[in-house]
Amino acid sequence: MPAPAAVRPSTTSRLEATFARLRGRGERALVTYFTAGDPSLADTRLLVVEAERRGADVVELGVPFSDPLADGPVIQRAAMRALAGGTTVLRVLETVATLRAEVSVPLVLLTYYNPVLAFGLKAFARTAVDAGVDGVIVADLPPEEAAPLAAEAEAAGLDLIHLVAPTSTPSRVRLIARRSRGFIYVVSLTGVTGERQELPPDLAGQIRALRLVTAKPVCIGFGISTPAQVAAIGRLADGAIVASAIVRLVEERAGSATLVEDVGAFIAELKAPLRAGLGDPPQTPPPGAGFRESAQTPPPGAGLREPAQTPPPGAGSGDAPQTSPPGAGLRGSFQTSPAIRTRS
């Protein structure tokens, strides 16, 4: 006789508790991203432990995938290195299980739908929760097509986090706000991941519109890379998501004895503007406040500007960060390829 389906626990999830605690003390969340397995899964474990120690409130782990259509060249290269090193969905989950004994910070997987389908929706949701995963973001899964995974995630107690794009219609924003769990991921711009010199001038309006339909935590990602930009995001939203700037620093310091220390120092700089004192709820900043970064002011000590002519051998990822791959899906609804890839 089959075992009864798991029922989502009635207790508050780790993500919900984290954002409630931060809101209670007038603080904003720093969400840091690492590509799992870059430069190795052992290094990923050390980096996550250090990230929590230096102030990260939520850690996203990117599951490397062979066709990362929402990612710019920095994260594309990281994914290719991780795949070449043998990183799989199962090995990422094993790493999370090890980490869960070392950290209390919420852990969120960022993946694409094909690896999840190949793993099996029920198996993925339950194995992820058993390992200690708190939430999952599936970059190419629109909420309109997410019901099968959402059902398994709900039953297992896994927060399924959806993305809002700048081009999302009001009705779609309401749909995403209803269905997202843990927090709502606001994509700050059209295009793919990557560092930008400027944040969009209409971002404040986008957040105001979202606040009208939900009280759920709102975190902003894509194009956020400096403490000044993080500070501007902190005046608008519940959290700032920093990905490519961290992944680039990992790429630059890979093999160095100071890798973990250097990344930790950068995370501490990013967290500093988000600490208590910003008020609650987040306030809209004056027009342009902190939204434009001078090309002469990279993150202190990070050295995060990469010479365009020196990508890692074989990277094959020459796309400019500002260019969205055809059909990248951040402009409305992602379409799932009919030919499901099984590589993880």
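**Sheet, buried strand residue and helix pair**

In this predicted model, nine strands make up an open sheet with parallel pairing, in the order β5-β4-β3-β2-β1-β9-β8-β7-β6.

Trainee: What makes β5 and β6 stand at the edges of the sheet?

Mentor: β5 (159-161) and β6 (163-164) each have a single partner strand, so one side of each is left without a neighbour in the sheet.

Trainee: Why is I241 called buried?

Mentor: The term applies under 20% relative accessible area. I241 has 2%, and therefore counts as buried. I241 lies in strand β9 (residues 239-242).

Trainee: Which residues does I241 touch, not counting those up to four places away in sequence?

Mentor: I241 touches V31, E60, F183, Y185, C219, I220, G221 and I224.

Trainee: How are the axes of helices α6 and α7 placed?

Mentor: The axes of α6 (residues 121-131) and α7 (residues 147-156) come within 9 Å and cross at roughly 35°. Their crossing is right-handed.

Trainee: Which residues of α6 and α7 meet?

Mentor: From α6, L121, K122, A125, R126 and V129 meet P148, L149, E152, A153 and A156 of α7. By class, this contact has seven nonpolar, three charged and no polar residues.

Terms used: Residues numbered from 1 in each chain as written. Predicted model: local features only at pLDDT ≥ 70, side-chain atom pairs only at ≥ 80, totals over all residues. Heavy atoms only, no water. Axes fitted to C-alpha atoms, helices over the stretch in contact; angles between N-to-C directions. Helix = DSSP H or I, 4+ residues; strand = E, 2+ residues; numbered from the N terminus. Left-handed = near helix turned anticlockwise from the far one by under 90°. Contact = heavy atoms within 4.5 Å. Nonpolar A, V, L, I, M, F, W, Y, C, P; charged D, E, K, R; others polar. Pairing = 2+ DSSP bridges. Buried < 20%, exposed > 50% of the residue type's maximum accessible area, 1.4 Å probe, protein only.
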